[in-house]
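Here is a briefing on the structure shown below. Start with one residue and its contacts, then work through the topics.

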Amino acid sequence: MLYREAGQFKASYAEDQQIFAIRQDRIAVGALLVFAFVVVPLVANQYWLSAILTPLLIFALAAIGLNILTGYAGQLSLGTAAFMAVGAFAAYNFVLRVPGIPILVAFVLAGICAALVGILFGLPSLRIKGFYLAVATLAAQFFVVWALTKFGWFSNNSSSGVISAQKIEILGYTVDTPAGKYLFTLTIVAVLALAAKNLVRSSTGRAWMAVRDMDVAASVIGIRLMQTKLSAFAISSAYCGVAGALYAFAYLGTVEPEGFNLDMSFRVLFMVIIGGVGSILGSFLGAAFIVLLPIFLNTAAPLIEHGLGLQMPPGFMSNLELIVFGALIVFFLAVEPHGLARLWQIGKEKLRLWPFPH
Amino acid sequence: MTATTRRAGDVILKLDNISLSFGGVKALTDISFDVREHEVRAIIGPNGAGKSSMLNVINGVYHPQAGTITFRGEVRRDMNPHRAAASGIARTFQNIALFRGMSVLDNIMTGRNLKMKAHFLEQAIWFGRARREELEHRAKVEEIIDFLEIQHIRKTPVGRLPYGLQKRVELARALAAEPSMLLLDEPMAGMNVEEKQDMCRFVLDVNEQYGTTIVLIEHDMGVVMDISDRVVVLDYGKKIGDGTPDEVRSNKTVIDAYLGVAH
């Protein structure tokens, strides 16, 4: 009964084209933003802020990036972590080598660097599709990590390419508390998520989806396939690049090229698949699922062990965690291949009718 | 015969000696015909005659090995899809080629993509030109939705629609570009009688209201003879007949091609 749009009439196309066209949604989103920006920094402890929420947001941003490429433009990529690495090392070098550069400018430039690398490795997409393209993007994954390790210039000649990200300074104010870093990350992620949503609901996004769904029909409409695919690679990589820069500056502080390995690319890909392919909301849900589930299992396992009065061999529980984690992923994919975003949508449709069946 | 009463203007599309082959397979051999402004021009022929290839040549999906295409006075060796779209040629496909992951509204809006000029950075902040364009084009798209009577399904994902409606949405997407020439590849295939009547009505309405030139491939001879001004007949990639429906109907070669010849 609460979630009804009865009586909410749309009198213009502008009203009909809002991101959240239903009043209850707008209230909920507003409340969520207030919660994330005001309540969380006040009540959450340091562990939650710096070890869970900040990386969750960063991975959500990377997932949005990959979702633009894979979910909207239909180009499978396994190079996400590589583009993140480019962003992280580019931001590091801009701050290092350009004295007095504002951090946000460095992040924007890092995004642009990642976009250029993305375009370069997106070139094969003009000829190949699907799994073959995924294999081609693997080249980005290995090449970038190799190049960042091999050429000392990128890491300012530190051993094995490890870099320590500089302090985040905004207008003379140093952001070094967990809450500050969380808010810094949250602001960037919120702004970029809104921009992504706007992009995918405008002609750029429609061109991406058209190429994804039926490329011949798209070209006959006048959409240039090359331009569209490369723009998806560029914007997707820019998002991943900014996520990588945040990963180094706001989360870990010290990163090495090997940290951005294939594992991480897969992690982001899983987030996209579980969250929902072709959904901005899904990117957040997927990131939350993948980041929070291991922590949840970690906390739940000893309780279960204790509750049942069992004495498990050491190491058994951590393995069990992996098994449960894998099983849940398979379960989710079998039950809802379109991911958590679709489940959310179905739930909302049901709620609109509740308590009536039809 | 309504066909004879309609206006037909100057020749806007002229194909001269088009030949197209894929490896050793000759899809089209030395075909010439023209299309006049505002007319309904049908292309018929048995299966595999090269009708769809002909449309693909016109809007640049295929590039013929020989011949020239003259569209609005511009002589070209071949077209490319972007140029064809930009110069006002839209088309539908034999097998529905809608964007299945998108809603009806988004599909039709995509048809207007070429007309949207906003930069992606403007679109990202949804401000100024991007926002204005989105509203203007939405209004235009709603006109087309009204015209084709698909208001009730505008927010439905196209994958959920029945076949007949999907065909109609595809027509809407083509119309969204406000084309001066519309290529329809079997718009009535697989439809029941009522759906065919609806589709005929829409095609004729488009032709009359917007003055759109229509090039149509169709297998239903009743439909073809009823709505087209002139018919070109292909068989095995060669042109075997060209003229008004009546002329074509009494053409000996055409009858042989369709019914077979006694040996």
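Leaving aside neighbours within four places in sequence, R173(B) is in contact with A217(A), I221(A), A97(B), L98(B), F99(B), N107(B), I108(B) and G111(B). Contact means heavy atoms within 4.5 Å. R173(B) sits in helix α6 (residues 163-176) of chain B. R173(B) counts as buried because its relative accessibility is 3%. Buried means under 20% relative accessible area, exposed means over 50%, and partly exposed lies in between (1.4 Å probe, protein chains only).

This is a predicted model: local features need pLDDT of at least 70, side-chain atom pairs count only at pLDDT 80 or more, and totals for chains, interfaces and linings use all residues. Residues are numbered from 1 along each chain as its sequence is written, chains are lettered from A and ligands numbered from 1 in the order in which they are written, and side-chain values use heavy atoms, with hydrogens and water left out.

**Confidence**

- The predictor gives the complex an ipTM of 0.91 and a pTM of 0.92.
- Chain B has an average pLDDT of 91, and 97% of its residues score at least 70. pLDDT is the predictor's confidence in each residue, from 0 to 100.
- Within chain B, helix α3 (residues 104-110) has the highest confidence, at 96, and helix α10 (residues 252-259) the lowest, at a mean of 86.
- Residues 1-5 of chain B have a pLDDT below 50; beyond near neighbours in sequence, this stretch has six contacts in the model.
- Where pLDDT is low, the predicted coordinates should not be read in detail.

**Helices of chain A**

- Helices (H or I, at least four residues) and strands (E, at least two) are DSSP runs, numbered from the N terminus.
- Helix α11 (residues 262-275) of chain A has 14 residues, which should span 20 Å at 1.5 Å a residue; its end C-alpha atoms are 20 Å apart, which agrees. The expected span is 1.5 Å times one less than the number of residues.
- The buried residues of α11(A) include M264(A), S265(A), V268(A), L269(A), M271(A), V272(A), I274(A) and G275(A).
- An α-helix has 3.6 residues a turn, so residues three or four places apart point the same way.
- G276(A) follows α11(A) and has a positive phi, near 140 degrees.
- L194(A) lies in helix α7 (residues 178-200) of chain A. L194(A) counts as partly exposed because its relative accessibility is 49%.
- Leaving aside neighbours within four places in sequence, L194(A) is in contact with I19(A) and A124(B).
- The C-alpha atoms of L194(A) and F94(A) are separated by 26 Å; the two are 100 residues apart along the chain.

**Nonpolar surface patch**

- L32(A), L33(A), V34(A), F35(A), F37(A), V38(A), V39(A), L42(A) and V43(A) make a nonpolar surface patch of about 840 Å².
- Patches are made of residues with over 30% relative accessible area and no salt bridge: like charges are joined within 9 Å, nonpolar side chains (Val, Leu, Ile, Met, Phe, Trp, Tyr) within 5 Å.
- Accessible areas come from the Shrake-Rupley method with a 1.4 Å probe; for residues, only the protein chains shown count as cover.
- V38(A) is in helix α2 (residues 23-43) of chain A. V38(A) is partly exposed, at 44% relative accessibility.

**Salt bridges**

- The whole structure holds 28 salt bridges over all chains. A salt bridge is a side-chain nitrogen of Lys or Arg within 4 Å of a carboxyl oxygen of Asp or Glu.
- K129(A) pairs with D215(A), with the closest N and O atoms 2.7 Å apart. The pair links distant parts of the chain, 86 residues apart: K129(A) is in the loop between α5 (103-122) and α6 (130-150) of chain A, and D215(A) is in helix α9 (residues 215-221) of chain A.
- D215(A) is buried, at 18% relative accessibility.
- E39(B) and R41(B) meet in a salt bridge (3.9 Å, N to O). E39(B) is buried, at 1% relative accessible area, and R41(B) is buried at 0%.
- R76(B) forms a salt bridge with E74(B), the closest N and O atoms being 2.8 Å apart. R76(B) is buried, at 15%, whereas E74(B) is partly exposed, at 46%.
- A network of salt bridges links K10(A), D16(A), R138(B), E142(B), R154(B) and K155(B).

**Positive phi**

- H38(B), not a glycine, has a positive phi of about 70 degrees. H38(B) lies in the loop between β2 (25-36) and β3 (40-44) of chain B.
- Y236(B) has a positive phi near 45 degrees. Y236(B) is exposed, at 68% relative accessibility.
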